[in-house]
2 protein chains.
Amino acid sequence: MVKFFGTPPGVHVGQIFVDRADLRAAGVHPPLMNGIHGTAVEGADSIVLAGGYEEDDDQGDFIIYTGEGGNDSTTKKQYKDQSVDSPGNAGLITSQLLGLPVRVSRSHKAKTPFAPPAGIRYAGLYLVTDHKVVTGSQGFKVILFRLDRLPEQEPYESNAQPTVDPVYATTTVSRRVRDSAMARKVKSLYNHECQICGVTLVTNTGLRYSEGAHVRPLGKPHLGTDVASNLLCLCPNHHTLLDVGGLAISDEYAVSFTPTMAPFAELQFKQWHVMEVSNVQYHRNQWFSAN
Amino acid sequence: MVKFFGTPPGVHVGQIFVDRADLRAAGVHPPLMNGIHGTAVEGADSIVLAGGYEEDDDQGDFIIYTGEGGNDSTTKKQYKDQSVDSPGNAGLITSQLLGLPVRVSRSHKAKTPFAPPAGIRYAGLYLVTDHKVVTGSQGFKVILFRLDRLPEQEPYESNAQPTVDPVYATTTVSRRVRDSAMARKVKSLYNHECQICGVTLVTNTGLRYSEGAHVRPLGKPHLGTDVASNLLCLCPNHHTLLDVGGLAISDEYAVSFTPTMAPFAELQFKQWHVMEVSNVQYHRNQWFSAN
């Protein structure tokens, strides 16, 4: 079944579903049995916490979630190693690398204070921020995924306060790379090649990585929009330079360090993709206006 | 007065101070009159919202904050342009570019549902995520800063629900660059030169930019720590590659795309900085273990 990343229309955070069939019908989690909905190529778009693994650790805003496979569904005992090649596990790794949002739902069977009293509750979108292979309590390898809840969502109901991870929380977030369905479309068009320098970053498994850069920044006070004509596919270095005023784009799409310097590159475009000229003008004005 | 980035010891989110002298004594906001505590070189570490500007727009989790200068403190009327060279405004721009956390406090005088009934309330740490020069309602230029609240903090009290910025919220955060006091120290030691390729990114005003990369990831499940011997100063491209398993570091600090390929670089070290070899081993095992 094709993956849909995000909260399905008509579904809200905190919504309770009667059972897995109900959850499936709403488009939250298609499989009736598996805890993970995913494939290596597309990524995973949804998981359900149902208390099947001893290593699970649900802290509300972040979750340590055990991958799939290797345990007996009746006894809940592990009898063989989990594998990173299993579709669900491989899907969560792809979602980590591509920054795809994963829907999280908690069954009343999950042994956590965030589980609902009955049925299954949708908890919103999380990002897979890490994974680790460890030897579990029963002597077999298990894969632990860390999921962190995306900000800017409604709070979920629970009978416990979310916990803060002390080490994680000592640091601040100095730069956030924002992604969206439209950004993924533009990045895919360029096969993750930077439109300025042509570089592509490649992961250990051969996945390609790039970033969707909004030329006129999103939201208030800039009021840029999340449309293709305001997006570029860039490597992290050129994305960062764009965001900190370290480069300027002319009306002819030549790229220089400042508007008065000679261009060092030209933006490369493919197929249907265009950049609205008012957006590059806005960006120059934002960083290089006389004021 | 020297800048201190973060929440001072003994101060907590939601704490109410009697007046500006009390706020100053606690180390939250040193100046008694100015709304911004900052300089161009160090950045700004604290602001107070006190309702002095018509363009302010406080939505709780994000704030549009007007820069300093150009208005009459008695009549609150603007009589000249604000300047990006004023220390407070320049400081907030530096904080934006370097990703420094800014303390936000709200006076009861602020015209916002998040203001306390009396005194001044500390609201926690925010990041400056954007700035924009506009012509204000009185015909003079004003500088609008956007501040977004850092996640993983205690919620603040208020008589209103924080608002979500609709365009901003349509996107997800696919990659967060975590920063810390220790990361800033390491980056400063290298003057923002990437320890792998030697590249430095430079902003429109000549500020240098790099990222502090934790080799063994922070927090659960990896349990890496925020210490210099687990940190590298990298450009965004090499930081991203490190984070997605796109490179491996040998016990001799040679850098290659995978452990079995020939190295393309060697980590460069300066002065007191060392990398704990168990951290590069952990990273190789995380991404390139046989499993």
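Predicted model: local features only at pLDDT ≥ 70, side-chain atom pairs only at ≥ 80, totals over all residues.
## Ground rules

Local features need pLDDT of at least 70 and side-chain atom pairs count only at pLDDT 80 or more, while totals for chains, interfaces and linings use all residues. Residues are numbered from 1 along each chain as its sequence is written, chains are lettered from A and ligands numbered from 1 in the order in which they are written, and side-chain values use heavy atoms, with hydrogens and water left out.

## Two copies, one axis

Three strands of chain B make an open sheet in the order β14-β15-β16, paired antiparallel. Strands here are DSSP runs of E with at least two residues, helices are runs of H or I with at least four, and both are numbered from the N terminus; two strands pair if DSSP finds at least two bridges between them.

β14 and β16 of chain B are the edge strands, each pairing on one side only. Between β15(B) and β16(B) there are 2 bridges, and A254(B) has E266(B) in β16(B) as its bridge partner.

## Rings meeting rings

Over all chains, the whole structure holds 4 aromatic pairs. To pair, rings of Phe, Tyr and Trp (its six-membered ring) need centres within 6.5 Å; planes under 30 degrees apart are stacked, over 60 edge-to-face and the rest tilted.

One of them is Y253(B) with F269(B), edge-to-face at 5.3 Å centre to centre and 70° between the planes. Y253(B) is in the loop between β14 and β15 and F269(B) in the loop between β16 and α6 of chain B, so the pair ties together parts that are 16 residues apart in sequence. F257(B) and F264(B) are stacked instead, with 4.6 Å between centres and 25° between planes. F257(B) is partly exposed at 40% relative accessibility, and F264(B) is partly exposed at 35% (buried is under 20%, exposed over 50%, partly exposed in between, with a 1.4 Å probe and protein chains only).

## Charges over rings

R146(A) lies over the face of F62(A), 4.3 Å from the ring centre. In chain B, the charged end of K185(B) sits over the ring of W272(B), 5.8 Å from its centre. The test asks for NZ of Lys or CZ of Arg within 6 Å of the ring centre and within 35 degrees of the ring normal.
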